[in-house]
Amino acid sequence: MAATTGTTEKTETTARTLGWAWVVLVVITVASWRLAPAHFTDTVVASTGVTALVLVLTYIKARVILRYFMEVRSSPRWLRIGTEVWLIVLLGAVFGIYLA
Amino acid sequence: MGKVTVQQPDTETVAVPDGRLPGDVHMWVMVLGDLIVFSSYFLIYLIYRSMDPESFLRAQQHLDINIGSINTVVLLTSSLFVARSVLSARAGAHRQAIGFVYAAGGCGVLFMVLKGYEWAAKISAGHTNSDMFFSFYYVITGVHLVHVLIGLIVLGVVVRELQNPGRRRTWMVETGATYWHMVDLLWVIIFGLLYVMR
């Protein structure tokens, strides 16, 4: 099955996009490593600010995986909206319970 | 409700036009169901955590954040390999696609080995199910680990598909990829909620 030139170009572009998505995910992971309670030997106190930041970073990571790796960004509307709603409701509920 | 394009069970489909579902719709239904099941685990964990945040935070400090972070990068890398294998399969580069799937599977095995080591180290240090945080930790990461194992079997099916010149259906590769990415997606959330939040 020979790929056309246009297709090859598109594939290369997408491969590059995937590479960048991976870089973003790894950078956020390394940043999270520094924030984690286990990173400190002293007693760590609860922090609403850190938790909120962690949830925002988790939202970005999950969204990058969904949209770029799972190709949700070019999928039907119901899937794009459904996954977005799921992620926001989940992380919103997590933060709500955390604050309660 | 957007229009759902009917799957083409051949290798002609190369580009992904807007509004096309990658892989089989049944896999997506299963993935969305699994995401909801895991979400309920996460919320139950948060409810218990909110009842005793101090002791949960103390216990979280005993996790191995280095292994947790390395495992996150390992799984993210495996997802990149799987995504690349889908691109290769679409372009008709089946040998390359198989190589990417093997690389992803290798990462999956490495994840399981590191997770096993992490568990063994925690159990020998006395962090067992008797601690509320650690009982959540073992159950959530344990159920996730089963998903990694199933994912490895799925990747095996994808390799078989790609090896057979008479098959090589792109949508099968996409379907397997969708499952594997879900395993990665769930881990990213587990990492945030168990390892990093305070």
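Trainee: Ground rule first: the expected span of a helix is 1.5 Å times one less than its number of residues. What should α2(A) span, and how far apart are its end C-alpha atoms?

Mentor: The 22 residues of α2(A) should span 32 Å at 1.5 Å a residue, and the end C-alpha atoms are 31 Å apart, which agrees. Helices here are DSSP runs (H or I, at least four residues; strands are E, at least two), numbered from the N terminus.

Trainee: What am I looking at, and how is it numbered?

Mentor: This is a predicted model: local features need pLDDT of at least 70, side-chain atom pairs count only at pLDDT 80 or more, and totals for chains, interfaces and linings use all residues. Residues are numbered from 1 along each chain as its sequence is written, while chains are lettered from A and ligands numbered from 1 in the order in which they are written.

Trainee: Back to α2(A). Which residues are buried there?

Mentor: Among them are A:Val54, A:Leu55, A:Thr58, A:Lys61, A:Ala62 and A:Ile65. Towards the end of the list come A:Leu66, A:Tyr68 and A:Phe69. Buried needs 20 or more other C-beta atoms within 10 Å of the residue's own, placed from the backbone; 12 or fewer is exposed, in between is partly exposed.

Trainee: What happens just after α2(A)?

Mentor: A:Glu71 takes a positive phi of about 60° there. That residue is not a glycine. A:Glu71 lies in the loop between α2 (48-69) and α3 (77-99) of chain A.

Trainee: Is A:Glu71 buried or exposed?

Mentor: Buried, because A:Glu71 has 22 C-beta neighbours inside 10 Å.

Trainee: Where does B:Arg168 lie?

Mentor: In the loop between α5 (132-163) and α6 of chain B. B:Arg168 has a positive phi of about 50° and is not a glycine. With 18 C-beta neighbours inside 10 Å, B:Arg168 counts as partly exposed.

Trainee: Switching to the chain B fold. How many helices and strands?

Mentor: Six helices and zero strands. The C-alpha atoms of chain B fill a box of roughly 55 × 40 × 20 Å along the principal axes. Of the 198 residues in chain B, 46% are buried.

Trainee: What about α3(B): how many of its residues are buried?

Mentor: 22 of the 26, so α3(B) is largely enclosed by the rest of the structure. Just after α3(B), B:Gly92 takes a positive phi of about 85°.

Trainee: At what angle do α3(B) and α4(B) pack?

Mentor: About 165°, with the axes 8 Å apart; α4 of chain B is residues 94-124. That makes α3(B) roughly antiparallel to α4(B) (over 145 degrees; under 35 is roughly parallel, 65 to 115 roughly perpendicular, the rest oblique). Axes are lines fitted to C-alpha atoms over the stretch in contact, with angles from 0 to 180 degrees between N-to-C directions.

Trainee: Which residue classes make up that contact?

Mentor: 16 nonpolar, eight polar and three charged residues. Nonpolar is Ala, Val, Leu, Ile, Met, Phe, Trp, Tyr, Cys and Pro; charged is Asp, Glu, Lys and Arg; the others, Gly among them, are polar.

Trainee: Last one. How many residues of chain B are in contact with chain A?

Mentor: 53 residues of chain B are in contact with 50 residues of chain A (C-beta atoms, placed from the backbone, within 7 Å). On the chain B side, α1 (25-51), α2 (53-60), α3 (65-90) and α6 (170-196) each supply at least two residues. That side divides into 31 nonpolar, 15 polar and seven charged.

Notes: Two residues are in contact if their C-beta atoms, placed from the backbone, lie within 7 Å.
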